[in-house]
Amino acid sequence: MKKQLSVMMALAVLAIGIITSCKKDPDPNSNGQNNEQPSDTIPEVIDGIRFGDTTGMKITTYNTIMEFDDIWHPFVFDLNGGGVDDIKIETIYDGPLAIGEYQTLTLYCLNDHTELFGDNIEKEIYSHRDTTITTNSDWTIIVYNNTFSTCGKIEENDPVSTSTVFEVAANDFNDTFNVDDHFQSIEVMLFREDYSFEWLNDYNEDEQYVVRSENRYIYDCWNFPTDEEKYIGFKITINDKPRLGWLKIKLHSTWEGRVVNTELIETAIQK
């Protein structure tokens, strides 16, 4: 009986050894630990934030739309709760009498300690002229058709002028920025409506001729994106302590894209 028990114990020990030997060996140099990062792990942003990440942020949500001609009700924000307004978004529907009314949408920094996230960019405006000459009842009519466009040349030899302007960054969800990026305390035009106007250059009844200009200005390629939710970053520095945040807005194009309504979705600032 004792002999049978010894044999059974020996077989049990052997089975345990076989099971143990069939386990997968740990990866080399891993000290028996799995160091693989999950595929959806998002790295930490050093000295910065990630747009849309609410960790450590004070979020204020809105359900507000400013119409394209709602000049009496701009968006004004005291973003850090300091009792002083920091940023304003204002729409204006106005213009010189010779041109007529057109919309502009402008973002303002209201004090020196508030700065917008963006960059200085060299931009181009292209000029194009066509001339038409017609006769009507012995009158000669000369028309200069002038086009000024931000979206490229109409013909290869069109002249171009350049200027360096600050452009606020139109950021997407999960984009990042930090305190050492480029900021400026400035006002930025987010949208400008295209417009056209005519101008009488010369008129001579004795010689029966008229000279006039038809001018068109195209700003599409300088405007903030429309019909997309975008984040605008800012930095507020008080007592040498910077705090980052964002405005989340959406510009809704109306009137076949001629003008925009501004939807305010939320503001955020580091606690």
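Where does N239 lie? I went looking, and N239 turned up in the loop between β14 and β15 (241-254). A reminder to myself before going on: this is a predicted model.

**Entry 1**

I checked phi at N239 and got a positive value of about 55 degrees, although N239 is not a glycine.

I found D227 in the loop between β13 and β14. Its relative accessible area is 43%, so D227 goes in my notes as partly exposed.

**Entry 2: the disulfide**

How many disulfides does a search of the whole structure find? The search gave me 1. C151 and C221 form it, with their sulfur atoms 2.1 Å apart. I also looked up the angle about the S-S bond: 115 degrees, which makes the link of C151 and C221 right-handed.

Which parts does the pair tie together? C151 lies in the loop between β7 (139-149) and β8 (160-168), while C221 is in the loop between β13 and β14 (229-238), so the pair joins parts that are 70 residues apart in sequence.

C151 is partly exposed at 38%, and C221 is partly exposed at 45%. Another cysteine, C109, counts as buried at 16% relative accessibility.

**Entry 3: aromatic rings**

I ran a search of the whole structure for aromatic pairs and it found 19. One of them is F177 with F183, a tilted pair at 6.1 Å centre to centre and 45 degrees between the planes. Are these two buried or exposed? F177 has 1% relative accessibility and counts as buried; F183, at 8%, is buried too.

Next I looked at F197 and Y217, which form a stacked pair, 6.2 Å centre to centre with 10 degrees between the planes. F197 sits in strand β12 (residues 195-204) and Y217 in strand β13 (residues 209-218), so this pair ties together parts 20 residues apart in sequence. F197 counts as buried at 15% relative accessibility, whereas Y217, at 21%, counts as partly exposed.

**Entry 4: charges over rings**

Which residue lies over the face of Y108? I found K88 there, at 5.0 Å from the ring centre. R192 lies over the face of Y219, at 4.6 Å from the ring centre.

**Entry 5: an open sheet**

I followed 4 strands that form an open sheet, in the order β3-β4-β5-β11, with antiparallel pairing. Its edge strands are β3 (75-77) and β11 (187-192), each pairing on one side only. I noted an average twist of 20 degrees from one strand to the next. My background note says that strands of a sheet pair through backbone hydrogen bonds, either parallel or antiparallel.

Then I zoomed in on β3 and strand β4 (residues 87-94): 3 bridges join them, and they run antiparallel. What is the bridge partner of F77 in β4? I looked it up, and it's I87.

Methods: Residues are numbered from 1 along each chain as its sequence is written. This is a predicted model: local features need pLDDT of at least 70, side-chain atom pairs count only at pLDDT 80 or more; totals for chains, interfaces and linings use all residues. Side-chain values use heavy atoms; hydrogens and water are left out. Rings of Phe, Tyr and Trp (its six-membered ring) pair if their centres lie within 6.5 Å; planes under 30 degrees apart count as stacked, over 60 as edge-to-face and the rest as tilted. Buried means under 20% relative accessible area, exposed over 50%, partly exposed in between (1.4 Å probe, protein chains only). Helices (H or I, at least four residues) and strands (E, at least two) are DSSP runs, numbered from the N terminus. A charge sits over a ring if NZ of Lys or CZ of Arg is within 6 Å of the ring centre and within 35 degrees of the ring normal. Two strands pair if DSSP finds at least two bridges between them. Axes are lines fitted to C-alpha atoms, for helices over the stretch in contact, and angles run from 0 to 180 degrees between N-to-C directions. A disulfide is a pair of cysteine sulfur atoms within 2.5 Å.
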